[in-house]
Amino acid sequence: MRREYVIINEQGVHARPATHLVAKANEFKSSITVTHDTTTVDMKSIMGVLSLAIHRGALIVVETKGPDEVEAMDAIDRLIKEFNMR
Amino acid sequence: MALTIGTLVDDFHLQVISGAGGLNTELASPQLSRPGIELAGLFDYFEHDRIQLFGSKEVTFFGWLNESDQEIRVDMLFQRKPPAFIFSKHVDIPAVFVHKGDAYNIPILKSSLRTSALAARLYQYLFSKLAPRESVHGTLLDISGVGVLIRGASGIGKSEVALELVRRGHQLVADDRVDMYQREPGIVIGEAPEILKHYLEIRGIGLVNVVKLFGASAYKEDKTIMLVVDLMHWDDKQDYDRLGIDNPTYRIFDTDVAHARIPITAARSVSTLVEVAAMNARLKFLGTHMAREFADNLAQAIHRKGQSKKE
């Protein structure tokens, strides 16, 4: 599955929310990636996600692939939307 | 732990002037009393379970009293049966104290230290001997000056970690059982029970005396516990600290001690992890928080990128 988001949280995806995203991604078997600009990283890798330095206004693409890709997408979708609301 | 006046006399090289019959009295309170106000006649707050410490101030004031007041107030001091009277270096002990000491079997003692130095040393000594103690299953090491208490289930490898770290030049304090007491809020001291001092127990080898094996520098008598490390088997369901931005703590008595939970697997060198955890704690004590520096750098990078996209 593939979904696109625009990050509207003032601080961008800083260290703490990145940790939450990675912890959530690690709950699933599917491969999960996040792409920003032209760089794609594994969402289960904390250093990878942090290296993107995702700022306010950034477009990111989340892709899930595997046996629980739908559940994974739903869970991450909830987390990103919740984060954007803050 | 029971502490008698006799032990105190030996440890502080005190001179027993009279009242030697009371040397087996056990001390109950780690506090001291300077009974100046009692000599002045106020006994409502008399801390009679404490050692009574007399310096020049108390004795000079006592000299100002007339003889009948002296007699009455000294009797009131002795009737409540304090454990001992200690006089500091430059004090002439009034004769009435010497007589009463023998009459009541309460030791009258003379120190070679000045009052303030004597009080400070007595406080520290009494607290270390009489403060509440707790024993914990774990291993205590001094890793480059950081006191690290390693805990974890039996057989997880605490002693093996200790052996490896001692080989790398760090010091063993206690293996398997650590006795702890709080010297003051913020300072918890750990040490080995007397019989276990110097020893490590390594499965398959047995008891190892680290002083004989590695020399005197491999061992330390006691150490302030500055970091608690919990070793645990890796559990996929557990969420381990990834960045180390938070400063979790673990409470011992009234003291919050830095706390790290380290999951172990076959691929992870536990000794190195514990050593790095100790160095990280040391850096934090020195004011450098590596994870927070990283988070700050990241926040700035995100901010810069956001700004340049707007333009």
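Trainee: How do strand β12 and strand β13 of chain B pair, parallel or antiparallel?

Mentor: Antiparallel, over four bridges, with β12(B) covering residues 199-202 and β13(B) residues 206-209. Strands here are DSSP E runs of at least two residues, helices are H or I runs of at least four, and both are numbered from the N terminus. Two strands pair if DSSP finds at least two bridges between them.

Trainee: Which residue stands opposite Glu201(B)?

Mentor: Leu207(B), in β13(B). The hairpin has three residues between the strands, and Gly204(B) takes a positive phi near 95° there.

Trainee: Before I go on, what are the ground rules?

Mentor: This is a predicted model: local features need pLDDT of at least 70, side-chain atom pairs count only at pLDDT 80 or more, and totals for chains, interfaces and linings use all residues. Residues are numbered from 1 along each chain as written, chains are lettered from A and ligands numbered from 1 in written order, and side-chain values use heavy atoms, leaving out hydrogens and water.

Trainee: What pLDDT does chain B average?

Mentor: It averages 92, and 99% of the residues score at least 70. pLDDT is the predictor's confidence in each residue, from 0 to 100. For the complex, the predictor gives an ipTM of 0.80 and a pTM of 0.76.

Trainee: Back to strands. What is the order in the five-stranded open sheet of chain B?

Mentor: β1-β5-β4-β3-β2, with mixed pairing. The edges are β1(B) (15-18) and β2(B) (32-33), each pairing on one side only. β2(B) runs parallel to β3(B) (residues 51-54), over two bridges. Leu32(B) stands opposite Ile51(B) there.

Trainee: Now the interface. How many residues of chain A and chain B are in contact?

Mentor: 20 of chain A with 13 of chain B, where contact means heavy atoms within 4.5 Å. The buried area is about 1300 Å², and carbon and sulfur atoms give 66% of it. That is the accessible area (1.4 Å probe) the two parts lose on being put together, summed over both.

Trainee: Which side chains make the salt bridge between the chains?

Mentor: Arg16(A) and Asp246(B), at 2.7 Å, N to O. The count between the two chains is one. The definition is a Lys or Arg side-chain nitrogen within 4 Å of an Asp or Glu carboxyl oxygen.

Trainee: Which helices of chain A supply at least two residues to that side?

Mentor: α1(A) (15-25) and α2(A) (46-51). α1(A) gives the most, with five residues.

Trainee: And salt bridges over all chains, how many?

Mentor: The whole structure has 20. One joins Lys81(A) and Asp77(A), at 3.0 Å, N to O. Both lie in α3(A) (residues 69-85), four residues apart, about one turn of the helix.
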